[in-house]
Amino acid sequence: MRVKGLETSQQSTKKAVVVRWTAYAFLFLGLSCGVPFFIYRQVGAQSFSFNQHLWSWPVLSVLVILLAIYFVSDALRLHFILKASGHSLAAGNLAKLTFINILFSNITPMATGGGFAQVWFLYRRGVLIGTATAATTIRTFIAMFLIFLPIPFLVARLPYFRDDGMMASVGWILASVAIGYLACFLVLLFRLRWLLRVFDLAAKGLVWLRLTNHEKTRRIKAKFLREAVRFSRCLKIFVRGDRKDVLLSIFFTFIFLLSLFSFPSILFWGAGYQTNYYTTTGLLVVSTCIMYFAPSPGGAGFAEGVFGLFFASLVHASELVGIIIVWRFLTIYLGMLIGVPVTLHELARRRMGNG
């Protein structure tokens, strides 16, 4: 009876997970389709079209090369993080993990998901759960650090945020959040006690306002402390690894992000628009920073909306949505489409192994 009850519980958990992932996937599809249509209606386009110059051989050749750099650098940044931690993966497994990550990170909220799927894959390849969790956490941390670091400088330099209007205020709020986020990371690594004191003061204030109780804040603090210590320990182990591997992981993360942010510039150039590379790339960095806080799966909807907001004045209204669709297809949808059969193949292998 006990075994039967355990099996029933496991089946219920699996069913709940499948339902949740399916809901996230449909939400991603709905927002990805709905927001571009909304943008199309709002910009007052008289027609919808894909710029024909985007299908020319010179443009397609550059996009294929950029895609190769994008996917390869994504794989190599995790490869060198694992090497610095004393582990390695075969090239084929590294490629599979790259596309599994793209798939799951874009059907989970806050645009930073996919960690569970990566840990599961690495564990099946002989990597300890602790090391796998550390590697995926550090992978996200390095990318976030490199994205958040230039935000204050971009807000100060980009013409889009220089006027005295609403976007200037939004820009400086975002810059303040980025600075605060980076400061929290540094305090977490070097002065964890300071962060705990701030947490205690905030908790006392919330209790005094009767927005929570002592028991709930105690549980939250214990969970926060556990995660903070784990993250700090993981990062210190990574930094103590081979310096070459550490530097190469940072280098390939930079290349990965630079290639990701370069797609709009190539599309604008291919479509015949004279845009400034620094401006378009800088605005993509800012929009990606916003996506990290988006509650939708993979930032879907927010990504298209912010892109349309930033570049509506630079692109003809009838071609804006077409460029958004091509941009999202190259950077997100293509990797997800590859990730679906890769993930199904891994699940099938697991069932065969269990059988």
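Colleague: What do the side chains of Glu-346 and Arg-125 meet in?

Modeller: A salt bridge, at 2.9 Å from N to O. The pair links distant parts of the chain, 221 residues apart: Glu-346 sits in helix H13, Arg-125 in the loop between helix H4 (115-124) and helix H5 (129-148). The rule for a salt bridge is a side-chain nitrogen of Lys or Arg within 4 Å of a carboxyl oxygen of Asp or Glu. Helices are DSSP runs (H or I, at least four residues), as are strands (E, at least two), numbered from the N terminus.

Colleague: Ground rules before we go on?

Modeller: This is a predicted model, where local features need pLDDT of at least 70, side-chain atom pairs count only at pLDDT 80 or more, and totals for chains, interfaces and linings use all residues. Residues are numbered from 1 along each chain as its sequence is written, and side-chain values use heavy atoms, with hydrogens and water left out.

Colleague: Back to that pair. Is Glu-346 buried or exposed, and Arg-125?

Modeller: Both are buried. Buried is under 20% relative accessible area, exposed is over 50%, and partly exposed is in between (1.4 Å probe, protein chains only). Glu-346 is at 0%.

Colleague: Which residues are linked with Glu-346 in a network of salt bridges?

Modeller: Lys-96, Arg-124 and Arg-125. Glu-346 and Lys-96 meet at 3.6 Å, N to O. Those two are 250 residues apart, with Glu-346 in helix H13 (residues 317-354) and Lys-96 in helix H3 (residues 91-105). Lys-96 is partly exposed, with a relative accessible area of 22%.

Colleague: How many salt bridges does the count come to?

Modeller: Seven. One of them joins Arg-328 and Glu-304, at 3.0 Å from N to O. Arg-328 lies in helix H13 and Glu-304 in helix H12, so the bridge ties together parts 24 residues apart in sequence. Arg-328 is buried at 2% relative accessible area. Glu-304 is buried too, at 0%.

Colleague: Which other residues of H12 are buried?

Modeller: Besides Glu-304, they are Ala-303, Val-306, Phe-307, Gly-308, Phe-310 and Phe-311. That makes seven of the 10 residues in H12 (residues 302-311), a mostly covered helix.

Colleague: At what angle do the axes of H11 and H12 cross?

Modeller: Roughly 150°, with the axes of H12 and H11 (residues 277-291) coming within 10 Å. Axes are lines fitted to C-alpha atoms, for helices over the stretch in contact, with angles from 0 to 180 degrees between N-to-C directions.

Colleague: Which residues make the contact?

Modeller: H11 brings Thr-280, Leu-283, Leu-284, Val-286, Ser-287, Ile-290 and Met-291. H12 brings Ala-303, Val-306, Phe-307, Phe-310 and Phe-311. Contact is heavy atoms within 4.5 Å.

Colleague: How do the residues of that contact divide into nonpolar, polar and charged?

Modeller: There are 10 nonpolar, two polar and no charged. Nonpolar covers Ala, Val, Leu, Ile, Met, Phe, Trp, Tyr, Cys and Pro; charged covers Asp, Glu, Lys and Arg; the others, Gly among them, are polar.

Colleague: New topic, rings. How many aromatic pairs does a search of the whole structure find?

Modeller: 15. One of them, Phe-251 with Phe-252, is edge-to-face: 5.2 Å centre to centre, 75° between the planes. Rings of Phe, Tyr and Trp (its six-membered ring) pair if their centres lie within 6.5 Å; planes under 30 degrees apart are stacked, over 60 edge-to-face, the rest tilted.

Colleague: Is Phe-252 buried or exposed?

Modeller: Buried, at 17% relative accessibility. Phe-251 is partly exposed at 41%.

Colleague: Which residues do ring pairs link into a cluster?

Modeller: Tyr-70, Phe-71, Phe-99, Phe-256 and Phe-263.
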